[in-house]
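Some labels given to parts of a structure rest on a cut-off.

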Amino acid sequence: MTENVAESNTEGAAVTAPSVPTGSGLDLIGLTKVFPGGTVAVDDVNLHVDHGEYVVLLGPSGCGKTTTLRMIGGHEYPSEGEILLDGQSLVDLPPHKRPTTTVFQHFALFPHRSVLDNVAFGLKMEGLGKSERRARAMEALEMVGLTELSSRKPAALSGGQQQRVALARVLVTKPKALLLDEPLGDLDRLLQLRMRVELRNLQRQLGLMFIHVTHNQEEALSMADRIVVMNEARIQQIADPLTIATKPATELVARFMGDNNIMRGRVTELNGNQFLVEDEHKVRVTARIDGGTVPAVGEQVLVVVRAAAVEVAESGAAEPVANWVECEIVFVEFLGDLVKLHLTAGGERMLAKVPGERYPAFRGKEGEKIRISWKEEDVQLLHA
Ligand SMILES: Nc1ncnc2c1ncn2[C@@H]1O[C@H](COP(=O)(O)OP(=O)(O)OP(=O)(O)O)[C@@H](O)[C@H]1O
Ligand SMILES: [Mg+2]
C-alpha cells in the first residue's frame, strides 16, 4: 500500500507540500523553528489562509501551536521558511509594523482606566490625536456591543465583557488578521460556550481572518472553517471540521480527536473497490475506497469507526456477514445528551455513543454482553 491510502479516502488529507502563494491572504511556506538547545518546535509548516477565514490550529500540548502563532505575529523569528501576507514578506517586520494583532491568553486590561481608555490605548503607537483615538475606540466598542459600558472600569465588568474589551482593543487597530492564543482558556464552561458563538459571529460580521490556537477538540470543531491538526511540530491534517471528525487522515488524528474505535487488521479479500479486512480477533470489516491507490491483499491496515457511528443491538441476534462484534459493557457513562458505552471485545477496548434517552436501557448493565455494528460507509481505512 502506498502513502496515498489515507489521502485517497480523505478530502483535504495531510498536506505537507508547499502551497503556491496566490498573492492574497496568508501563506506559511516551509515555516520552521528550532530553539537554542535544539528543540524543533515547528517543522516545515505549509499553510494558506484566506481573508475572512476562521482557521484553528489544534493539537496536544507542546506541538508547536503557540510558536507558529508567535512567528506570524512577529514575536518569534523563524529558523527557516517564509511568512507572506498578500504576497509581502512579514518576516523582518517587528510586531507593531505587521498587519496582524495578537490576543494573548491573559489579556491584561489596565484596571485604573475606563473601558474606553483601555481600547483607545491600542492606538497610542499610531500617533493619533486624542479625539480621533476616542472616536475610533467608540467604533470598536460598538463592534463588540459595549458602547454603554465605555466609562466603567474593568473590575466592574463580567469575564465575558472583559474579554470583549480586550477584543475591541485589538480591533481598533484594524488588523488584517487576528491571532488568538487559547482565547477562551481561562473562562468557565458556560461562558466558554457563549463566547464561542460570540467570537464566531463577530468574525463573520467583520469578515476578518482569524487564526485561533487551542488544544480543545470541541472548540475547534465548533468554531473553525478549517482545522489544522498539529502533532510534534508538524501538520497532520488540514480540513473542514466535518472531515476532521469523520475522516481522520492519520492514526494520530483519529486518536487525538477521541471517541474513535481503531482496529488493526489485514486485507483478506479485494473486490473492485470493496475490501474485507480481518482483525486479529477475527472481526470482519468491509470498507470501500474510491479513487487513489488501494491496499493489496495481505497488507496491514487500520480500521477507524467513530463511536457515534456504532449501533447497539442485543447479543445473539442474527449474525451479519461483517461489521459487527460481540462486546461486554465495562462502564456506562451518562453525559446528558448521550451515553458513552465503554466496551471490551477480546481484550480490545471499544466505544459506542447512543442518545441520552436510551440511558435507562443501559443503566446497571455493566458486565452484560451486547452486539455493536456499523455501516460500511462509516469505516475509514488508514495505513498501519
Ligand atoms: N523559548 C523557548 N525556548 C525553548 N523551547 C521552547 C521555547 N518556547 C517553546 N519551546 C518548546 O517548543 C515546543 C512547542 O511549544 P509551543 O509553546 O509552541 O507549544 P503549544 O502547542 O503552544 O503547547 P500548549 O498547548 O501547551 O500551549 C515545546 O516543546 C516547548 O517546550
Ligand atoms: Mg501554547
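This is a predicted model: local features need pLDDT of at least 70, side-chain atom pairs count only at pLDDT 80 or more; totals for chains, interfaces and linings use all residues.

Q: Why is α5 called roughly parallel to α6?
A: Helix α5 (residues 159-171) and helix α6 (residues 189-206) pack at an angle of about 25°. Angles under 35 degrees count as roughly parallel, so α5 is roughly parallel to α6. Their axes are 11 Å apart, and α5 passes α6 in a right-handed crossing.

Q: Which residues in α5 and α6 meet?
A: From α5 come Gly159, Gly160, Gln163, Arg164, Leu167 and Leu171. From α6 come Leu191, Met195, Glu198, Leu199, Leu202 and Leu206. The residues of this contact divide into seven nonpolar, three polar and two charged.

Q: What makes Ser61 a polar contact of ligand 1?
A: An N or O atom in the side chain of Ser61 is 2.5 Å from an oxygen atom of ligand 1.

Q: What are the distances for Gly62 and Cys63?
A: A backbone N or O atom of Gly62 lies 2.7 Å from an oxygen atom of ligand 1. For a polar backbone atom of Cys63 the distance to a ligand oxygen is 3.2 Å. The residues around ligand 1 also include Phe35, Thr39, Lys65 and Thr66.

Q: What is said of the phi of Lys174 and of Glu232?
A: Lys174 is not a glycine, yet has a positive phi of about 50°; Lys174 is in the loop between α5 and β7. Glu232, also not a glycine, has a positive phi of about 45°, and is found in the loop between β9 and β10.

How values were computed. Residues are numbered from 1 along each chain as its sequence is written. Chains are lettered from A and ligands numbered from 1 in the order in which they are written. Side-chain values use heavy atoms; hydrogens and water are left out. Axes are lines fitted to C-alpha atoms, for helices over the stretch in contact, and angles run from 0 to 180 degrees between N-to-C directions. Helices (H or I, at least four residues) and strands (E, at least two) are DSSP runs, numbered from the N terminus. Angles under 35 degrees count as roughly parallel, over 145 as roughly antiparallel, 65 to 115 as roughly perpendicular and the rest as oblique. A crossing is left-handed if the near helix is turned anticlockwise from the far one by less than a right angle, and right-handed if clockwise. Contact means heavy atoms within 4.5 Å. Ala, Val, Leu, Ile, Met, Phe, Trp, Tyr, Cys and Pro count as nonpolar, Asp, Glu, Lys and Arg as charged, and the others, Gly among them, as polar. A residue is near a molecule or strand if one of its heavy atoms lies within 4 Å of it. A polar contact is a pair of N or O atoms within 3.5 Å; within protein, one must be able to donate a hydrogen and the other to accept it, and residues adjacent in sequence count only if both atoms are side-chain atoms.
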